Amino acid sequence: MGNSWARFTPKGVTFTKKPSKRLPNSSSTKRTRKRDEELEFDDALIHQQALSAAFLFHQHQLNGSLPVNLNRSTSVVYPSTAAPKKLPKSSSSRQRSRADHSLIQPLQLVNKDLHIDGLETIHFVLVHGGGFGAWCWYKTITLLEESGYRVDAVDLAGSGIHTFDTNSITSLAQYVKPLTDILEKLGDGEKVILVGHDFGGACISYVMELFPPKISKAIFIAAAILSSGQSFLDMFSQQTGSNVLMHHAQIFLYTNGKDQPPTAIDLDKESVKEFLFNQSPAKDVALSLVSMRPIPFAPVIEKLSLSYVNYGSVRQFYIGTHEDCAIPVALQENMINTNPPEQVFWLKGSDHAPFFSRPQSLHKILVEISQIPPKQA
């Protein structure tokens with residue numbers, strides 16, 4: 001974002017300069033306060049729209065009136081009819097995140113010279129992490145669609161508004177079936193960019209092994225990059241001893257009895273505030289606390305079978321998060337060094353949920369990766 005911003009004068013209003021007893025910076029302070037209020041209003045409106053969409057989906061689900069071929073992106077995107085506004089930087093003490101928290105029209109940012117015609121694909125498929133749902137991508141969906149991309153955000157089995165009981169999920173294949181359904185329905189020659197967050201990295205890895213010709217690129221966001229024969233739980237075992245927050249946040253569920261393995265992992269609502277959302281806006285934390293669901297245990301411990309011919313043939317990119325308490329930088333770097341992707345990007349100031357804490361920066365990187373041309377055969 002630029003350092004200079006245009007100033008607007010309300011139409012029909014004339015200002016006459018008069019002597020003032022106010023402090024020299026008082027008018028600037030008022031303008032800053034007014035602009036901050038505008039930022040808060042825009043953010044609150046988008047958040048209200050997301051909550052309204054979630055409520056409507058829940059009602060449709062209960063009434064059995066959800067469309068069969070539902071594009072999840074349309075459920076949370078509300079196109080604005082107003083002209084794009086130029087928004088200033090905030091003078092808030094939390095300046096690191098204010099500008100990124102507001103959904104500024106991307107035409108002011110990356111879209112000025114953006115050309116999506118001729119790209120290998122403009123279709124993104126967003127895969128949430130453990131406990132999350134398609135709802136967590138509402139800012140990313142908005143920004144990508146306003147940039148001209150096609151976006152699908154999927155609810156994996158037992159997640160978001162998907163009706164399946166999380167405790168009844170017994171395999172990774174069962175958990176990712178809503179995702180494999182999307183790829184199976186792609187037309188001949190049609191490709192997508194797969195984006196996986198957190199446990200979603202293991203999920204897209206599983207799908208990369210099954211449908212390599214249908215995947216243009218795979219993007220891992222603060223996500224698991226696993227080796228063949230490794231599970232998501234195996235990855236965390238490399239640093240569990242040092243992650244006290246994780247221990248406090250996990251609540252194991254035993255639907256089949258305490259003498260049987262856990263069926264799911266729930267997250268303590270108070271602990272996740274610092275564990276997952278230490279840099280995220282309060283309203284997005286509130287949305288998450290009422291929307292997150294338990295994580296099925298069986299897929300978490302399932303070891304992946306990945307081949308160089310299939311999984312290894314898909315171009316891979318990693319987006320790291322510098323202020324991540326869930327998957328610390330040291331663990332992210334270890335995964336990157338063990339299974340090097342084609343390119344690595346880092347989001348400064350981002351917690352484990354960059355779609356909340358750094359949505360604009362995340363959007364820019366996703367667009368940049370989408371524009372990387374195919375490798376010549």
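Author: Buried means under 20% relative accessible area, exposed over 50%, and partly exposed in between (1.4 Å probe, protein chains only). This is a predicted model, in which local features need pLDDT of at least 70, side-chain atom pairs count only at pLDDT 80 or more, and totals for chains, interfaces and linings use all residues. Residues are numbered from 1 along each chain as its sequence is written, and side-chain values use heavy atoms, without hydrogens and water.

Reader: How many aromatic pairs does a search of the whole structure find?

Author: Rings of Phe, Tyr and Trp (its six-membered ring) pair if their centres lie within 6.5 Å; planes under 30 degrees apart count as stacked, over 60 as edge-to-face and the rest as tilted. By that rule, the number of aromatic pairs in the whole structure is eleven.

Reader: Where is Phe-199, which pairs with Tyr-175 of helix 5?

Author: The two rings are stacked, 5.6 Å centre to centre with 20° between the planes. The residues lie 24 apart in distant parts of the chain: Tyr-175 is in helix 5, and Phe-199 is in the loop between strand 3 and helix 7.

Reader: Which helix holds Phe-232?

Author: Phe-199 and Phe-232 are both buried, and Tyr-175 is buried too. Phe-199 and Phe-232 form a tilted aromatic pair, 4.8 Å centre to centre with 45° between the planes. Phe-199 is in its loop, and 33 residues away Phe-232 belongs to helix 8.

Reader: Which residues of helix 6 are buried?

Author: Helices (H or I, at least four residues) and strands (E, at least two) are DSSP runs, numbered from the N terminus. Contact means heavy atoms within 4.5 Å. Among the elements that cover the buried part of helix 6 are strand 1, strand 2, helix 5 and helix 7. Helix 6 spans residues 177–184, and its buried residues are Pro-178, Leu-179, Thr-180 and Leu-183.

Reader: Which residue of strand 7 stands opposite Ile-265?

Author: Two strands pair if DSSP finds at least two bridges between them. Strand 6 (residues 264–267) is antiparallel to strand 5 (residues 250–253) over four bridges, with Leu-253 facing Ala-264. Strand 6 also runs antiparallel to strand 7 (residues 295–296), joined by two bridges. In strand 7, the residue opposite Ile-265 is Ile-295.
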